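This briefing looks at aromatic ring pairs, strand pairing and model confidence, in that order. Please keep the structure open alongside the text while reading.

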Amino acid sequence: SPRQSQRALSALYIFCIPVDGVMYLHGGNTVFAVNAVTGESIWTSEIEGVEGGTVRGPLYADGTIYSYHGDKLVATNAHTGELVEEFGDGGILPVLSLALQHKYPDSYPPGFDASSIRYRINSSPAYHDGTLYVGSAISEGNIPGGLVVAADAITGAITWVFNTVPT
C-alpha cells in the first residue's frame, strides 16, 4: 500500500550515532539503543505524545540522547532508555512553542502549539558546554523566518531565541 511504501522510504533516512559500542537511533515516536557488534537491542523507548517522520539521527551528549519529534525535543538516558524527568515536562520539551512564547510573548500565549503553524525540527540539535542549539524548519508561506533556539541541556529552559528573518 502507499502508506507502507512511505514508511519503508522514511526508514531509509534514519541515521544512527555510535557511542562506545552502542548505536542510538530514533524514528517515529521511538528511540532505540542497539549493540553495534551483535545488533541486539539494548533498549527501546516508545514516547507517548510525540510524532515522528523522517529524521537524521539523535544527538548524544553527557550520557543523554536528544531526539527530535516534530516540534519537540526528547531527552532519554542513554544507559537505561528512561526519559530524563528534569528535562522539559518529564523528558519532553515543546522547544519551538516555548521559543515563540519567549521571543514573542504577546503573540504566542502559554500552551500555544508551534506545530499548528508548521514549525518543526528537521535535524539534530547541536551541543556545547551544557547548551543545546536547535534550528527550526518552517513553511515560508505561513510564518516569517525560522528560529535558532538555545536551551539548557539539563532542564530545557530557553536561554535565547534568534529569528533568522526579524519581523
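The model discussed here is a predicted one, and a search of the whole structure finds 6 aromatic pairs in it, one of which joins Y60 to Y24.

**The Y24 and Y60 pair**

- The rings of Y24 and Y60 are stacked, with 5.9 Å from centre to centre and 25° between the planes.
- This pair links distant parts of the chain, since Y24 belongs to strand β2 (residues 22-27) and Y60 to strand β5 (residues 59-61), with the two residues 36 apart.

**The Y133 and W160 pair**

- The centres of the Y133 and W160 rings lie 6.1 Å apart and their planes meet at 45°, so this pair is classed as tilted.

**Strand pairing around β10**

- Strand β9 (residues 126-128) runs antiparallel to β10 and is joined to it by 3 bridges, with H128 standing opposite T131 of β10.
- β9 and β10 form a hairpin that has 2 residues between the strands, and D129 in the turn has a positive phi of about 50°.
- β10 is also joined by 5 bridges to strand β11 (residues 147-152), again in an antiparallel arrangement.
- Y133, whose ring pairs with that of W160, stands opposite A150 in β11.

**Confidence of the model**

- The chain has a mean pLDDT of 85, and 84% of its residues reach 70 or more.
- Among the elements of the chain, β9 has the highest mean pLDDT, 97, while helix α1 (residues 2-11) has the lowest, 41.
- Over residues 1-12 the pLDDT stays under 50, and for this stretch the model has 1 contact beyond four places in sequence.

Conventions:
Residues are numbered from 1 along each chain as its sequence is written. This is a predicted model: local features need pLDDT of at least 70, side-chain atom pairs count only at pLDDT 80 or more; totals for chains, interfaces and linings use all residues. Side-chain values use heavy atoms; hydrogens and water are left out. Rings of Phe, Tyr and Trp (its six-membered ring) pair if their centres lie within 6.5 Å; planes under 30 degrees apart count as stacked, over 60 as edge-to-face and the rest as tilted. Helices (H or I, at least four residues) and strands (E, at least two) are DSSP runs, numbered from the N terminus. Two strands pair if DSSP finds at least two bridges between them. pLDDT is the predictor's confidence in each residue, from 0 to 100. Contact means heavy atoms within 4.5 Å.
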